[in-house]
Amino acid sequence: MVENLSLGHLIYLLIVISVVKAGDDDWHGGWFPYAPDVGTDPNPVFTIRKNMYDPKHGVVMGVKDPHCDDAKTNLEIDWDYNPVNHSCFIFNRRQFFESRSDIHPVHSQDYIPKSYSAPHKCMSESINYNVIVPTFGTHRPLWAKYGEYKFLPRQRWVHNLEHGAVVMLYHPCADKNEVNFLRKLVKKCLYRHVITPYNLLSAQRPLALVTWGHRLEMSKVAPKIVVDFIRKHALKGPEHTARDGQYDLMLEEHSEVVSDLKDQELCKGLL
Ligand SMILES: *[C@@H]1O[C@H](CO)[C@@H](O)[C@H](O)[C@H]1NC(C)=O
């Protein structure tokens, strides 16, 4: 472990030490708020080929490689195609959640050190997250094409977050009108968005927007809060590229450019 200590870890350690020295009594150190991923396979079946090596992420991004990730092979490791993940069935019957204005939106933030760089893992290794809605972490080398999906696994969209995307998640049993309203706002705000159902969201707040380090969970769409969130937190990922992804399984509608390809004006003309 010690010989694996990278410069990033050292810088992080220094941050930890200086924060502790600053005398914040409630702060106990450790990984920022949780380790970026858990339970990965220590014995990968494939090894990373030399030309696929990247000193920052382990595996280069955006290059299709059937021995690592070509957005086609071994996709079942991230999702077993179970329709439960994109259709509304609760105890075998359809029941949509009620959206309530008395349940306020919750914005939460993960404090990600600037020196953190997310590892890429080939499709031979599983990637798990120990939070329901990850805002950062290990992900696949190929990211998702922008747009709306019938279902997109989180190991893909976490990579889009790193490039500054806004990811809209909705429980398949969320109120259809609310889902439509949120979708409309997101599509009008920026090109760099991903929309997918996500049945792990709660019945209480079945709608979410995610950016690198931030999540906003909602019962009912408050347009001002949504637009403010996007203006403030979109395009803030550590990697600045508007380049489209490579993964497009179950992509139903490709994103349209809103202001320009770089999304220089977010939520143009809204509120
Ligand atoms: C699909 O839904 C099941 C049941 O809720 C859940 O355990 C699983 O993690 C979900 N899979 C994905 C890829 O979201």
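A residue is called buried when its relative accessible area is under 20%, exposed when that value is over 50%, and partly exposed in between, as judged with a 1.4 Å probe and protein chains only. The structure is a predicted model, in which local features need a pLDDT of at least 70 and side-chain atom pairs count only at pLDDT 80 or more, while totals for chains, interfaces and linings use all residues. Residues are numbered from 1 along each chain as its sequence is written, and side-chain values use heavy atoms, with hydrogens and water left out.

Helices (H or I, at least four residues) and strands (E, at least two) are DSSP runs numbered from the N terminus. Helix H2, residues 154–162, has eight of its nine residues buried, so it is largely enclosed by the rest of the structure. The buried residues of H2 include Trp-157, Val-158 and Leu-161, and also Arg-156 and Glu-162. Contact means heavy atoms within 4.5 Å, and the cover over the buried residues of H2 includes strands S5 (166–170), S6 (193–197) and S7 (207–211). After H2 comes Gly-164, which has a positive phi, near 95 degrees.

Strand S6 contains Thr-196, which counts as buried because its relative accessibility is 0%. Leaving aside residues up to four places away in sequence, Thr-196 touches Trp-157 as well as Tyr-149, Phe-151, Leu-152, Met-168, Leu-169 and Tyr-170. A polar atom of the Thr-196 side chain lies 3.0 Å from the backbone nitrogen of Leu-152; a polar contact is a pair of N or O atoms within 3.5 Å, where, within protein, one must be able to donate a hydrogen and the other to accept it, and residues adjacent in sequence count only if both atoms are side-chain atoms.

Around the ligand stand Asp-78, Trp-79, Val-84, Asn-85, Phe-151, Arg-154, Asn-199 and Leu-200, a residue being near a molecule or strand if one of its heavy atoms lies within 4 Å of it. Ligand oxygen atoms lie 2.4 Å from a side-chain N or O atom of Asn-85, 3.0 Å from one of Asn-199 and 3.4 Å from one of Arg-154. Taken alone, the ligand exposes 360 Å², of which the protein buries 61%.

As for confidence, pLDDT is the predictor's confidence in each residue, from 0 to 100; its mean over the chain is 86, and 80% of the residues reach 70 or more. Over residues 13–28 the pLDDT is below 50, and this stretch has five contacts beyond near neighbours in sequence. Where pLDDT is low, the predicted coordinates should not be read in detail.

Conventions
Areas by Shrake-Rupley, 256 points an atom, 1.4 Å probe, with all protein chains shown as cover.
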